[in-house]
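Work through the exercises below with the sequence and the model at hand. Each task is followed by a solution in steps.

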Amino acid sequence: MNANPETLRRELMEHGLARSELDPDPIRQFQDWYDLAIRTDLPEPNSLTLCTVDARGRPSARTVLLKLYDARGFVFFTNYESRKAREIEANPQVAMLFPWVALARQVQISGRAERISTAESLAYFTTRPRGSQIGAWASPQSQVIGTRSLLEMKVAEMARRFSQGEIPLPDFWGGYRVVPDMIEFWQGRESRLHDRFRYVQRDDGGWRIERLAP
């Protein structure tokens, strides 16, 4: 297939998505689509919309970046005192959406979010640019601040504090893994007659694949 997004979009919409083409494992199927999004040079193909619900049932959504994924689930990182983290602690059921609009594709994921281990968070934190590490220490994420200058002062303070050596992992920062129980692959088609396939986890840990009407 052509790597040009517009041409590839037309080819994908014309070809569609057939049941026989799907991998029995939704994680491997995700990898196939994700790798294509990367090869097509889409801007931030790892960006996704994360939806959470607070203790009162009010939903909220924001864009986060997928940093890791494997058979266990999909991992993003955040401040554990942020709004999203507070809502996850109150209700760990979340939804994720990868909106690869340029390819007329999207992937929806529903499941339970759980904190990853400190060791896993540290392993990722050490790979971040130093400025991002300092930013994690400096920003009271989701809290009200008076001016940007206060944030910049806090960044300068943290830069002085950690001017020598490695920057430690904040105890209030780390990853969440979304363990999926449903993954839907959506391929756009002409006349809004899209192809949609949903993987639903069975009690035995396997996956049932269902075609959905567009």
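For sorting residues by class, Ala, Val, Leu, Ile, Met, Phe, Trp, Tyr, Cys and Pro count as nonpolar, Asp, Glu, Lys and Arg as charged, and the others, Gly among them, as polar. The model is predicted.

**Exercise 1. Describe the largest pocket and the make-up of its lining.**

Step 1. The volume of the largest pocket is about 430 Å³. Lining it are 18 residues, and those closest to the pocket centre are Phe-77, Thr-78, Arg-128, Gln-141 and Trp-173.

Step 2. Sorted by class, the lining holds seven nonpolar, seven polar and four charged residues.

Step 3. At least two lining residues come from each of strand 2 (59-65), strand 4 (73-79) and helix 5 (130-138).

**Exercise 2. Find the buried residues of helix 5 and name elements that cover them.**

**Exercise 3. Classify the aromatic pair of Phe-30 and Trp-100, and locate both residues.**

Step 1. There are 19 aromatic pairs in the structure. In this one, the ring centres are 6.0 Å apart and the planes meet at 35°. Planes under 30 degrees apart count as stacked and over 60 as edge-to-face, with the rest tilted. The pair is therefore tilted.

Step 2. Phe-30 belongs to helix 2 (residues 26-39) and Trp-100 to strand 5 (residues 93-100), so the pair ties together parts 70 residues apart in sequence.

Step 3. Phe-30 and Trp-100 are both buried. Ring pairs also join them with Tyr-34, Tyr-69, Phe-74 and Phe-98 in a cluster.

**Exercise 4. Is the pair of Tyr-80 and Tyr-176 stacked or edge-to-face, and are Tyr-80 and Tyr-176 buried or exposed?**

Step 1. The centres of the Tyr-80 and Tyr-176 rings are 5.3 Å apart, with 85° between the planes, and the pair is edge-to-face.

Step 2. Tyr-80 lies in the loop between strand 4 and helix 3 (83-90), while Tyr-176 lies in strand 7; the two are 96 residues apart, and the pair links distant parts of the chain.

Step 3. Buried means under 20% relative accessible area. Tyr-80 has 11% and is therefore buried. Tyr-176 has 0%, so Tyr-176 is buried too.

**Exercise 5. Which rings have the charged end of Arg-105 or Arg-115 over them?**

Step 1. For Arg-105, the charged end sits over the ring of Trp-33, 3.9 Å from the ring centre.

Step 2. For Arg-115, the ring is that of Tyr-80, with the charged end 3.8 Å from its centre.

Methods:
Residues numbered from 1 in each chain as written. Predicted model: local features only at pLDDT ≥ 70, side-chain atom pairs only at ≥ 80, totals over all residues. Heavy atoms only, no water. 1 Å grid on protein atoms, 1.4 Å probe; cavity = no way out; pocket = protein on both sides within 12 Å on 5 of 7 lines; lining within 4 Å. Points joined across faces, edges and corners; volume = space filled by probe spheres on them. Helix = DSSP H or I, 4+ residues; strand = E, 2+ residues; numbered from the N terminus. Buried < 20%, exposed > 50% of the residue type's maximum accessible area, 1.4 Å probe, protein only. Contact = heavy atoms within 4.5 Å. Phe/Tyr/Trp six-rings, centres within 6.5 Å; stacked < 30°, edge-to-face > 60°. Lys NZ or Arg CZ within 6 Å of the ring centre and 35° of its normal.
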